Amino acid sequence: MTAVTGQQGLDRGDQNREAGHRDWDERLARRTHALGGSEITAILSLAGATDVITFSGGFPEPATFQTGTLADIAARLIAEEPGVALQYSATEGLAGIREYVSGRLAATDGRAPGAGELMITSGGIDCMELLAKSYLDPGDVVVVEAPTYLGGLMAFRGYEADVRGVPLDDAGMRVDVLADLLAGGLRPKIVYTIPDYQNPTGLSMSAQRRQALVDLARRYDFLILEDVAYRELGFGARENDAAPPPSMWSLAPDVVLQAGTFSKIFSPGFRMGWAAGPAEIIARLVIAKQNSDQCAGALGQRMLEEYGRGGHMDRQIAASRVLYGRRARLTTDALAAHMPDGATWTTPAGGFYVWLTCPEGVDTVALSAAARAEKVAYVPGRPFYLADAGVGANQIRLAYSRVADDLIDEGIRRIADVVKSAL
Ligand SMILES: Cc1ncc(COP(=O)(O)O)c(C=O)c1O
């Protein structure tokens, strides 16, 4: 940078520093430039808003938190086990919770992890970050669904991966499109997928495509990162909805790393999750975790284990499925009642989200200010795609999970009015 000399022989940088202004951004590491992240910050900043009907964040309903039971468990652990619950834990997690999570996986996925194949993480995003940190060099190719979860995009971009999108349809990721890209020479290191009730679309991947993706991973030698954040939140409204197709990790533990989280089925305040996959990879993630947060909080690990072994987790999940199923139905009913012709949306069979496509030409980023003025919030579609994709401008993610039943219709009516005003 050219120095601009001022009166006292100080360049502009010196003068700014003398005046107390420092340009910290100028010193940012190059790898942060592609990061983005303002969208997640904006979503979380609305977490405490009380006068806005907010369909923005993927937050669980606080009424699902079993506060009395948790208070009892916390009091008991702190009184009786401070040497464990208030202490550091092993980086891979305490033996008790690993055994508990292992048992859950045997029940939910039909497969228990073998020796060294499971670790406890600090939520689902921790697994993605640890994987990216350990395995991605700048320019390595990572394939994601288009659209996909913002946190996943950020983890891969943060390590300067060459991130490519593959579209989705009603049966999940277009594995045939991926197969064509692979046949054309694309060589991803990682393929990231959210097969069950995906964020942001609410769509799920068919059993046939799961098997096809696993076959491709073996043939072309890439790792599938399977994010099962919403897997256990099927509504069960139709046969098989409550029991989604097999997890890819259960189909192919040799080429799949499963990232799980307790944020949506227990509480995000605990920041608890798991990673299950090849022992060689888990060992690397454990090393990477040692110099991030060293271990998930031991109090949370012990509380989750006690809560789960007491049967409370199963009860919470059963009640959550009913609650979110009802809210999903209220949301799609309201969309049918209020949206203008030409708008379409997904009908989720589980999870937290409806993906709304407005008529062509509607700019949902531009409209979010008008929505805020009407005291309603959503996340525009564009950030869920890669920056250069040029799509998603007329799309919206609606998270119904934390909107009270009696506010859903009113909230959707306000969004519909804002959309109509742009036509
Ligand atoms: C698909 C998906 N994966 C992972 C996460 C992150 O989970 P956690 O809060 O446990 O890090 C989320 C949260 O919104 C998500 O939607």
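## Terms and basis of the model

A residue is called buried when its relative accessible area is under 20%, exposed when this area is over 50%, and partly exposed in between, with a 1.4 Å probe and with protein chains only. By this rule Asp 221 counts as exposed, because its relative accessibility is 68%.

The structure is a predicted model, in which local features need pLDDT of at least 70 and side-chain atom pairs count only at pLDDT 80 or more, while totals for chains, interfaces and linings use all residues. Residues are numbered from 1 along each chain as its sequence is written, and side-chain values use heavy atoms, with hydrogens and water left out.

## The protein as a whole

The secondary structure of the protein comes to 15 helices and 14 strands, where helices (H or I, at least four residues) and strands (E, at least two) are DSSP runs numbered from the N terminus. The radius of gyration of the protein is 23 Å, close to the 22 Å that the globule rule gives for 423 residues, so the protein is as compact as a globular protein of that length. Here the radius is taken over C-alpha atoms, and the globule rule is 2.2 Å times the number of residues to the power 0.38. Along the principal axes, the C-alpha atoms fill a box of roughly 70 × 55 × 55 Å.

Of the 423 residues, 51% count as buried. The accessible surface of the protein is about 18,600 Å², and carbon and sulfur atoms hold 51% of that surface; such areas come from the Shrake-Rupley method with a 1.4 Å probe, and for residues only the protein chains shown count as cover. Among contacts (heavy atoms within 4.5 Å) with a separation of 6 or more, 73% are between residues 24 or more positions apart.

## The surroundings of the ligand

There are 14 residues around the ligand, and those that come nearest are Asn 199, Asp 227, Tyr 230, Thr 261 and Ser 263; a residue is near a molecule or strand if one of its heavy atoms lies within 4 Å of it. The shell divides into six nonpolar, five polar and three charged residues. In this division Ala, Val, Leu, Ile, Met, Phe, Trp, Tyr, Cys and Pro count as nonpolar, Asp, Glu, Lys and Arg as charged, and the others, Gly among them, as polar. Helix H6, residues 124–135, gives the most to the shell, with three residues.

Some distances can be given between oxygen atoms of the ligand and polar atoms of the protein. An oxygen atom of the ligand is 2.5 Å from an N or O atom in the side chain of Thr 261, and for the side chain of Arg 271 the corresponding distance is 3.0 Å. At Gly 124 a polar backbone atom is 2.8 Å from an oxygen atom of the ligand. The protein covers 91% of the 400 Å² of accessible area that the ligand has on its own.

## Cis peptide bonds and a buried glutamine

The peptide bond from Ala 146 to Pro 147 is cis, with omega near 10°, and Pro 147 is found in the loop between strand E3 (141–146) and helix H7 (150–157). Another cis peptide bond joins Asn 199 and Pro 200, with omega about 15°; Pro 200 has its place in the loop between strand E6 (190–193) and helix H9 (207–220).

Gln 198 also lies in the loop between E6 and H9, and at 0% relative accessibility Gln 198 counts as buried. A polar contact of 3.0 Å joins its side chain to that of Glu 145; the term stands for a pair of N or O atoms within 3.5 Å, where within protein one must be able to donate a hydrogen and the other to accept it, and residues adjacent in sequence count only if both atoms are side-chain atoms. Leaving aside neighbours within four places in sequence, Gln 198 is in contact with Glu 145, Pro 147, Thr 148, Leu 168, Leu 203 and Tyr 353.

## Residues with positive phi

Asp 221, in the loop between H9 and strand E7 (223–227), has a phi near 65°, which is a positive value in a residue other than glycine. Lys 375 is not a glycine either, yet has a positive phi of about 60°. Lys 375 lies in the loop between helix H14 (364–373) and strand E12 (376–377) and is partly exposed, with a relative accessible area of 36%.
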